[in-house]
Amino acid sequence: MSAEWGEHCGLFGVYGHPEAANVTYLGLYALQHRGQESAGIVSSDTHALHSYRNMGLVSEIFTRDVLKRLPGRSAIGHVRYSTAGTSDLKNVQPFTVHYARGGLGIAHNGNLTNAHILRDELEAHGSIFQSTMDTEVIIHLIALSNEHDLASRVVGALKRVNGAYCLLFLSEDEMIAVRDPHGFRPLVLGRQKNAYFVASETCAFDLIGVEFEREIEPGEMVVINEDGLHSFYPFIPVRTSHCVFEFIYFARPDSFIFGRNVYGVRRELGIQLAKEHPAEADIVIPTPDSGFSAAIGYGHQSNIPIELGLIRNHYVGRTFIEPKQSIRHFGVKIKLNPVKELIKEKGVAVIDDSIVRATTSRKIIKMIRRAGAERIHVRISSPPITHPCFFGIDTPMKSELIGSSHAIEEINRYITSDTLGYLSLEGLKRCVGDNNSSFCYACFTGDYSIKFPSMMEESQLRLYKAR
Ligand code: AMP
């Protein structure tokens with residue numbers, strides 16, 4: 001799949017702090033789970049923007065020397081992750097441009113669903129694109145705007161784009177944060193004395209001792225400059241569509257997003273899963289680390305001891321970093337190892353948060369079987385994933401999602417478990433406390449809150465790659 005379309009990211013921004021680049025580095029460090037492929041920071045010393053971006057992990061990219069070259073009291077940063085395609089420095093964010101009105105840095109979490117249409121239009125009028133990222137469209141729209149202030153130029157540009165976006169903009173003297181009207185991705189606001197902070201998740205604030213003030217609301221734009229913080233709602237309101245997968249898998253359990261603590265929700269998913277799909281098991285084994293929180297709920301509800309039957313080597317990256325299937329298989333083996341003495345001759349309930357292609361689950365089940373398990377009951381704390389995400393979570397094409405073409409019993413046979421149970425959609429909705437349909441469940445239902453022609457569903461992901 002195209003790296004440019006399917007990706008997830010993390011954002012961090014600070015305004016008015018004497019060590020802006022250093023705290024941004026720490027913020028990104030806490031958000032590393034949202035993207036491990038590349039990272040960047042842009043800072044402003046009020047005269048000019050300073051930028052550094054590179055491939056790799058935050059701790060590898062930002063040495064003391066690099067951070068010294070990012071002076072100023074405001075900064076924005078970005079971590080990015082993609083499964084395949086062009087791992088190219090030109091696509092690393094934040095983008096920084098110098099246009100007629102000065103410097104501008106931009107960092108984006110999400111996916112724009114009409115970027116290719118806008119890009120064709122802009123190119124037809126002479127725009128020259130530097131990257132293959134959808135985000136760059138926003139920069140061109142801003143540069144073409146006749147409005148006098150940056151906030152109005154941003155609003156004008158965003159009124160033309162559709163899709164999911166949490167955005168941070170940095171000019172020499174201003175930081176702007178925007179969350180799309182659907183509120184697909186989380187974005188939170190923090191404060192420490194006279195400094196303001198914005199991040200994808202609250203775990204970034206905890207690390208630097210910043211007080212979490214509130215979530216930036218769907219459709220809200222926050223402008224921070226020397227006059228303080230000003231909040232605007234410049235877009236037509238729509239029904240919110242928080243990404244439920246943030247709760248299921250993506251966000252860190254210690255974060256507070258969409259009005260809830262992530263761990264608390266995951267634990268409830270496990271409790272609900274145990275109610276819906278009890279298992280005759282001697283032990284509950286979480287798949288590290290994604291299954292931990294739900295396994296605790298599952299074990300608690302079913303009164304079965306939770307054991308660490310799979311041990312993870314934390315010094316290898318996530319399986320999904322591997323760009324090719326052949327390496328992915330290898331990745332599972334170097335990442336996880338069963339505790340044979342624990343598993344031998346036992347009935348085990350293996351808990352994970354989701355099945356995507358089922359390649360990892362199949363490997364894990366085989367591993368547990370070889371370790372001597374008598375019966376293996378796989379329990380998944382979300383419904384089958386049947387549709388790709390176009391709003392900022394990295395999922396493969398529909399044809400690669402096992403849940404899109406196989407019944408649960410077929411998936412059970414494929415992964416070689418004895419029984420397989422998925423959480424129901426109703427159970428999921430109950431656990432996230434969704435009374436007014438304020439979440440996006442499109443990866444389980446195909447019901448996308450932003451509609452686009454169905455032909456685009458498969459081809460959209462390839463569009464930029466084909467360029
Ligand atoms: P698979 O073998 O493709 O079914 O992978 C399932 C595993 O991938 C589960 O352990 C999930 O925690 C994890 N996972 C689910 N969605 C994603 C995603 N978008 N990016 C990375 N990992 C994921």
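The charged end of K429 sits over the ring of Y441, 5.1 Å from its centre. R362 does likewise over Y414. The criterion is NZ of Lys or CZ of Arg within 6 Å of the ring centre and within 35 degrees of the ring normal.

This is a predicted model: local features need pLDDT of at least 70, side-chain atom pairs count only at pLDDT 80 or more, and totals for chains, interfaces and linings use all residues. Residues are numbered from 1 along each chain as its sequence is written, and side-chain values use heavy atoms, with hydrogens and water left out.

| Charged residue | Ring | Distance to ring centre |
|---|---|---|
| R362 | Y414 | 4.5 Å |
| K429 | Y441 | 5.1 Å |

**Aromatic pairs**

The whole structure holds 14 aromatic pairs. Rings of Phe, Tyr and Trp (its six-membered ring) pair if their centres lie within 6.5 Å; planes under 30 degrees apart count as stacked, over 60 as edge-to-face and the rest as tilted. F245 and Y249 form a tilted pair, with 5.8 Å centre to centre and 40 degrees between the planes. Both residues belong to helix 8 (residues 244-250); they are four residues apart, so about one helical turn separates them. Helices (H or I, at least four residues) and strands (E, at least two) are DSSP runs, numbered from the N terminus.

F245 counts as buried because its relative accessibility is 6%. Y249, at 23%, counts as partly exposed. Buried means under 20% relative accessible area, exposed over 50%, partly exposed in between (1.4 Å probe, protein chains only).

F247 and F439 are also tilted, because their ring centres lie 5.8 Å apart and their planes meet at 35 degrees. F247 is in helix 8 and F439 in strand 23 (residues 439-440), so this pair ties together parts 192 residues apart in sequence. F247 and F439 are both buried. Elsewhere, Y25, Y29, Y52 and F62 form one aromatic cluster.

**Strand 20**

Six of the six residues of strand 20 (residues 347-352) are buried, so the strand is largely enclosed by the rest of the structure. G347, A349 and I351 point one way, while V348, V350 and D352 point the other.

Strand 20 pairs in the parallel sense with strand 17 (residues 283-286) over four bridges. Pairing requires at least two DSSP bridges between the strands. I351 of strand 20 is the bridge partner of P286. Strand 21 (residues 375-380) also runs parallel to strand 20, joined by six bridges. There, R375 is the bridge partner of G347.

Strand 20, helix 13 (residues 359-370) and strand 21 make a right-handed β-α-β unit. Right-handed means that, with the strands pointing away from the viewer, the path from the first strand over the helix to the second runs clockwise.
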